[in-house]
Amino acid sequence: MPARAYPELRIEAYAADYLQGLAAMQPLPPGPALMLFLGSNIGNFEKAEALTFLRAIRRMMRPGDALLLGADLKKDRATLEAAYNDALGVTRAFIVNELARINRELGGNFDLWAFGLRSVYNEEAGSVEVYLESLRSQSVTIRSLEMSVDFAAGEWMHMEHSYKFDVDELAKMGSQSGFVLEKTWLDSRQRFSSNLFRASES
């Protein structure tokens, strides 16, 4: 539905990192507030960073305001690794784009087809760890950084990780950040969650 269908809706956009964006939004206008943080982006933070971010959200909210948080849930190893090592190569294209940006913006000479995707689930940490594997011995130069890096065939380069949660972990994380988990919605296969947190009084 086009924005003109909601003539009283006001949209303000910020080009900033998360914490800078939160700071720019303060103070909130009068009335109840609902913040959305969807897509399981919370899983891209380290655990301590996730708490820092949620506490920053809580500091700008009033008691009773709400946060709707999307979070990917823990699943068996085979399911998670198949999702990240997808046959269509979508994840690989997303990850290799980081090398393409280095080439474009920093004068790198990465051969994007000389790296394969390797994603493994660290069950103890509850995290999918994503690597690129050098498919041959190679040397890469990044001109802007005056840097040269040698890769051995089969060498892995850590690119990102993605944490998965269970509902108890989400409730604990919310409690440590000044929220109470009021309700959780799951998909039909109970693989993903949307979680309504309420800002507590204290």
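Helix 1 (18-25), strand 1 and helix 2 each supply at least two residues of the lining of the largest pocket. Helices (H or I, at least four residues) and strands (E, at least two) are DSSP runs, numbered from the N terminus. The model is predicted: local features need pLDDT of at least 70, side-chain atom pairs count only at pLDDT 80 or more, and totals for chains, interfaces and linings use all residues. Residues are numbered from 1 along each chain as its sequence is written, and side-chain values use heavy atoms, with hydrogens and water left out.

**Exercise 1. Describe the largest pocket.**

Step 1. A pocket is an open set of points on a 1 Å grid over the protein atoms alone, where a 1.4 Å probe fits, with protein on both sides within 12 Å along at least five of seven lines; lining residues have an atom within 4 Å of a point.
Step 2. The space in the largest pocket is about 860 Å³, a volume filled by probe spheres set on the points, which are joined across faces, edges and corners.
Step 3. The lining has 24 residues, and Glu12, Tyr14, Met25, Leu28 and Met35 are the closest to the pocket centre.

**Exercise 2. Work out the sheet of four strands.**

Step 1. This open sheet has the strand order 1-2-9-8 and mixed pairing; two strands pair if DSSP finds at least two bridges between them.
Step 2. Strand 1 (34-37) and strand 8 (179-186) each have a single partner strand, so one side of each is left without a neighbour in the sheet.
Step 3. Strand 2 and strand 9 run antiparallel and are joined by seven bridges; alanine 66 has arginine 198 as its bridge partner in strand 9.
Step 4. Strand 9 (residues 192-199) also pairs with strand 8, in the antiparallel sense over seven bridges. Here leucine 181 is partnered by phenylalanine 197, and lysine 183 stands opposite leucine 196.
Step 5. Five residues lie between strand 8 and strand 9 in their hairpin, and glutamine 190 in the turn has a positive phi of about 55 degrees.

**Exercise 3. Find the nonpolar cores.**

Step 1. A nonpolar core is a set of buried Ala, Val, Leu, Ile, Met, Phe, Trp, Tyr and Cys residues joined through side-chain atoms within 4.5 Å; buried means under 20% relative accessible area (1.4 Å probe, protein chains only).
Step 2. The largest core has 26 residues, of which Ile42, Ile57, Leu67, Leu170 and Met173 touch the most other members.
Step 3. Helix 2 gives the most to this core, with seven residues.
Step 4. A second, separate core has 18 residues, including Leu80, Leu99, Leu117 and Phe151.

Note on methods. Buried < 20%, exposed > 50% of the residue type's maximum accessible area, 1.4 Å probe, protein only.
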